[in-house]
Amino acid sequence: MYDKLVEIMLNYIEVKKEDITPDSRFMEDLGFTSFDFMSMLGEIEDELDVEIEQEKIVDIITVGEAVEYLESISE
């Protein structure tokens with residue numbers, strides 16, 4: 001799940017793959033804008049065939065938290 005998420009993320013940000021870690025924060029460390037983040041969420045939903053709860057998004061700060069959440073809803 002981590003590798004798939006990173007591949008999708010690279011479509012939205014100008015960061016090297018090796019600079020992304022589970023502790024990377026989307027906005028502060030990786031430079032996501034709110035628009036980029038929401039666009040990425042739409043692509044994740046399409047690619048992984050999941051539905052992301054809007055209320056849960058505010059609690060997801062790091063890449064690792066996103067992976068945990070996506071694994072929990074894709075089981």
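Me: Which residues of H4 are buried?
Reply: Keep in mind that this is a predicted model. A residue goes on the list if its relative accessible area is under 20%. For H4 that gives Val63, Gly64, Ala66, Val67, Tyr69 and Leu70.

Me: How many helices and strands does the chain have, and in what order do the elements run?
Reply: The chain has four helices and zero strands. Read from the N terminus on, the order of elements is therefore α-α-α-α.

Me: What radius of gyration does the chain have, and what would a compact globule have?
Reply: The C-alpha atoms fill a box of roughly 30 × 20 × 20 Å along the principal axes. For 75 residues, a compact globule would come out near 11 Å, and the chain agrees with that. Its radius of gyration is 11 Å.

Me: What share of the residues is buried?
Reply: The cut-off is a relative accessible area under 20%. Applied to the 75 residues of the chain, it leaves a buried share of 35%.

Me: Among contacts between residues at least 6 apart in sequence, what percentage joins residues at least 24 apart?
Reply: Start from the contacts in the chain whose residues are at least 6 apart in sequence. Then keep those that join residues at least 24 apart, and you get 47%.

Me: How many cavities of 30 Å³ or more turn up, and what is the volume of the largest?
Reply: Rolling a probe the size of a water molecule over the atoms shows where empty space is left. Searching the whole structure this way turns up one cavity of 30 Å³ or more. The volume of the largest cavity is about 70 Å³.

Me: Which helix gives the most to the lining of the largest cavity?
Reply: The lining includes Phe37, Met40, Leu41 and Ile44, along with Ala66, Tyr69 and Leu70. Helix H2 (34–48) and helix H4 (63–73) each supply at least two lining residues. The top contributor, with four residues, is H2.

Me: How many nonpolar, polar and charged residues are in that lining?
Reply: Besides the residues from H2 and H4, the lining has Leu5, Phe26, Ile52 and Ile60 among its members. Tyr counts as nonpolar in this scheme, so Tyr69 goes in that class. The tally is eleven nonpolar, no polar and no charged.

Me: How many aromatic pairs are there, and what is the geometry of phenylalanine 26 with phenylalanine 32?
Reply: A pair of aromatic rings is described by the distance of the centres and the angle of the planes. The count is three aromatic pairs. For phenylalanine 26 and phenylalanine 32 the numbers are 5.5 Å centre to centre and 75° between the planes, and anything over 60 degrees is edge-to-face.

Me: What about phenylalanine 26 and phenylalanine 37, and how far apart are they in sequence?
Reply: This aromatic pair is edge-to-face too, at 5.0 Å and 65°. Phenylalanine 26 sits in the loop between helix H1 (2–9) and H2, and phenylalanine 37 in helix H2, so the pair ties together parts whose separation in sequence is eleven residues.

Me: Is phenylalanine 37 buried or exposed?
Reply: Phe26, Phe32 and Phe37 form one aromatic cluster. Phenylalanine 26 has a relative accessible area of 2% and phenylalanine 32 one of 5%. Phenylalanine 37 is at 6%, so it counts as buried.

Key. Residues are numbered from 1 along each chain as its sequence is written. This is a predicted model: local features need pLDDT of at least 70, side-chain atom pairs count only at pLDDT 80 or more; totals for chains, interfaces and linings use all residues. Side-chain values use heavy atoms; hydrogens and water are left out. On a 1 Å grid over the protein atoms alone, a cavity is a set of points where a 1.4 Å probe fits but cannot get out, and a pocket is an open set with protein on both sides within 12 Å along at least five of seven lines; lining residues have an atom within 4 Å of a point. Grid points are joined across faces, edges and corners, and a volume is the space filled by probe spheres set on the points. Rings of Phe, Tyr and Trp (its six-membered ring) pair if their centres lie within 6.5 Å; planes under 30 degrees apart count as stacked, over 60 as edge-to-face and the rest as tilted. Buried means under 20% relative accessible area, exposed over 50%, partly exposed in between (1.4 Å probe, protein chains only). The radius of gyration is taken over C-alpha atoms; the globule rule is 2.2 Å times the number of residues to the power 0.38. Contact means heavy atoms within 4.5 Å.
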